[in-house]
Amino acid sequence: MSLPVAAPDAAAMDRALVLAAQAGAAGDVPVGAVVTDAAGRIVGEGRNEREATGDPTAHAEVVALRRAAAALGSWNLDRCTLVVTLEPCVMCAGAVLQSRVSRLVYGAWDDKAGAAGSVHDLVRDRRLPHRVEVVAGVREPEASALLRAFFDARR
Ligand SMILES: [Zn+2]
């Protein structure tokens, strides 16, 4: 099912899918992420590079948030949007909250480890002080196909 998507989100997801494919080609699980500012401009991008760097926290979201914060000169990414091809895990949902991004857009759901609606929903937990607007399922078929092809090739 595809719903109409705001143009900046769609363009950002296109870029995130390219980054995801690059991660897969480098031997990492294919996940890509970008951060856009209030005007829809990409201010940070990242791909999963856990294998490439040996860093257990080098998920695409964390890499993209770090780069966006460096580019904008502040850890506070209020009014920014994180666009990622796969539903964030618990760590990345935590990073989303810590960065104060106001929106999260993701592609594929992660039924095993997702923390933005599937297993947990940390980014909309009413017990926490910061909550995030979530748009899920953007370019889901493409994002899922990348992941499926990656894992099929490893079986
Ligand atoms: Zn993660």
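Which residues of β1 are buried on one side, and which on the other?

**View 1. Both faces of strand β1 are covered.** The model is predicted; local features need pLDDT of at least 70, side-chain atom pairs count only at pLDDT 80 or more, and totals for chains, interfaces and linings use all residues. Residues are numbered from 1 along each chain as its sequence is written, and side-chain values use heavy atoms, without hydrogens and water. G32, V34 and T36 are buried on one side of β1, A33 and V35 on the other. In total, 5 of the 5 residues in β1 (residues 32-36) are buried. Buried means under 20% relative accessible area (1.4 Å probe, protein chains only). Strands are DSSP runs of E, at least two residues; helices are runs of H or I, at least four; both are numbered from the N terminus.

**View 2. β1 pairs with β2 and with β3.** Pairing requires at least two DSSP bridges between the strands. β2 (residues 42-47) runs antiparallel to β1, joined by 5 bridges. R47 in β2 stands opposite G32.

**View 3. H59, C89 and C92 coordinate the zinc ion.** The donors are ND1 of H59 and SG of both C89 and C92, at 2.0 to 2.3 Å. Their spacing is H-x29-C-x2-C. H59 lies in the loop between α2 (50-53) and α3 (60-72) and C92 in helix α4 (residues 90-99), so the pair ties together parts 33 residues apart in sequence. H59 is buried at 17% relative accessibility; C92 is buried at 0%. Donors are N, O and S atoms within 2.8 Å of the metal (3.2 Å for Na, K and Ca); water is not among the atoms, so sites may look incomplete.

Key:
Buried < 20%, exposed > 50% of the residue type's maximum accessible area, 1.4 Å probe, protein only.
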